[in-house]
Number of protein chains: 2
Amino acid sequence: MSRSRPYHHGDLRAALLESAERTLREKGVASLSLRELARETGVSHAAPGRHFKDKRALLDALALAGYDRLARALEGADDPSLPLQPRLTALARVYLAFAAENAELLALMYARKHEPGAAEQMAAGVDRTVGVFDRVIADAQRRGEIVEADPERLTLFTGAALHGIAGFTVGGILDPAEALGMTDDLIHHLLHGLRPR
Amino acid sequence: MSRSRPYHHGDLRAALLESAERTLREKGVASLSLRELARETGVSHAAPGRHFKDKRALLDALALAGYDRLARALEGADDPSLPLQPRLTALARVYLAFAAENAELLALMYARKHEPGAAEQMAAGVDRTVGVFDRVIADAQRRGEIVEADPERLTLFTGAALHGIAGFTVGGILDPAEALGMTDDLIHHLLHGLRPR
DNA sequence: CATCATTGTTGTCATCGTCTACTTTGAGGT
DNA sequence: ACCTCAAAGTAGACGATGACAACAATGATG
């Protein structure tokens, strides 16, 4: 007796998200279709509509989950007892590794277009990620390890340096492994500047 | 007598590209359809196929044109007689302004997926853009204005800082005007580092 | 002026996202 | 134990899209 799948899936929402992330990783966002997703999951083509109002809603959910994973990884890798340079280098490595392993997802996370409601949640995700770096900068400034200047701006610049390198790897301009390999150097130049001392 | 348009358009390819870029700027890449483009241009839905094998081929052409404009702007703004800091600041301003005015296009330019053939041309576009910064760094290093280190890597880091900020504005995290306003500061910190001297 | 590659056109196809109407299911109240 | 009913799934339809094929107009070249 082919015990055909029960009418109700159980946790279709999670299954869809999981399948979507795999497709995203393997074939890119362009070839991610709700119908194909439904097929893979063994439900009808309209079933995803019960859990995601839109295709964008699904992508937003994916991005949100991405922010959560990234923030967790960063928070887990932050050791406040370390001096500035090694502390920041460790975080940079985590960020660049995440970028290398989740290139398409990261693009989604930083994408402009979101569902009206999700924009705020997205901002929260950004804040949580940025928060880690904020603390590092603030701590360092308190210890006099960093120049006196608007800390928010310093965080932004630090983030920009990382995000820029990540963007190069995502775009295929830079090999991910190579990017990881130059992390030490990147943080060194960020802290010491390009000018001779 | 409605002198109906001649059978041959004259320069459909250029017209399509122009129309495509306007749509890209106004409504984003997601709502850019070949058929809609054909309608706007007053040709049949299959006509674009004569000039662009693919939708991606059109997007690639758009990106290529973008690289050309960006490189021109940078090359035009580079004044080799200036000392490092103002020279680099001027270039940074041009880059950030381009990013602000061509957000969607820039995303296309840095996109991963390109038509097999176009990838090399794309790389050439990157090289030309990077070349400007390469020269600045090399000149400065020759004059001792910059630390002794692999110049290619220094260029990469400089580009990363800029690209990161640009990415933030493209993603809507940072206001374009605000980004432009902090250009001086950005270059200052890039050159002098975050550590106190 | 005949030829014929270019550049258009029309028609068709599979796929997609979304909507609506219908069906199955199972949890909660009585 | 039964009823009710909202949640979650299904089937079918619609309009739009990208791609392709077969055909038609055009105009440059010989």
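How much of the chain over residues 10-70 of chain A is helix, and how much is strand? Over that stretch, chain A is 72% helix and 0% strand. Its end C-alpha atoms are 28 Å apart. Helices here are DSSP runs (H or I, at least four residues), strands are runs of E (at least two), and both are numbered from the N terminus. An unreviewed UniProt entry annotates residues 10-70 of chain A as "domain: HTH tetR-type". Such annotations may be inferred rather than shown by experiment, and their positions follow the numbering used here.

This is a predicted model, in which local features need pLDDT of at least 70, side-chain atom pairs count only at pLDDT 80 or more, and totals for chains, interfaces and linings use all residues. Residues are numbered from 1 along each chain as its sequence is written, and chains are lettered from A in the order in which they are written.

Now look inside chain A. Two packed helices are described by the angle between their axes and the distance between the axes. Take α4 (residues 55-77) and α5 (residues 84-101) of chain A. Their axes come within 9 Å and cross at roughly 155 degrees. Axes are lines fitted to C-alpha atoms, for helices over the stretch in contact, and angles run from 0 to 180 degrees between N-to-C directions. The crossing therefore makes α4(A) roughly antiparallel to α5(A) (over 145 degrees). On the α4(A) side, the contact is made by L70(A), A73(A), L74(A) and A77(A). On the α5(A) side are A90(A), L91(A), V94(A), Y95(A) and F98(A). Residues are in contact if their C-beta atoms, placed from the backbone, lie within 7 Å. This contact has 9 nonpolar, no polar and no charged residues. Ala, Val, Leu, Ile, Met, Phe, Trp, Tyr, Cys and Pro count as nonpolar, Asp, Glu, Lys and Arg as charged, and the others, Gly among them, as polar.

Next, the two chains together. A rotation of 180 degrees, with 0.0 Å of shift along its axis, superposes chain A on chain B (RMSD 0.1 Å). That is the relation of a two-fold axis.

Where do the chains touch? Each gives 39 residues to the contact. On the side of chain A, α8(A) gives the most, with 13 residues. Helix α8 (residues 151-170) of chain A packs against α8 of chain B at about 100 degrees, with axes 6 Å apart. That makes the two roughly perpendicular (65 to 115 degrees).

Technical notes: Least-squares fit on C-alpha atoms with pLDDT ≥ 70 in both. Parallel < 35°, antiparallel > 145°, perpendicular 65-115°, else oblique. Contact = placed C-beta atoms within 7 Å.
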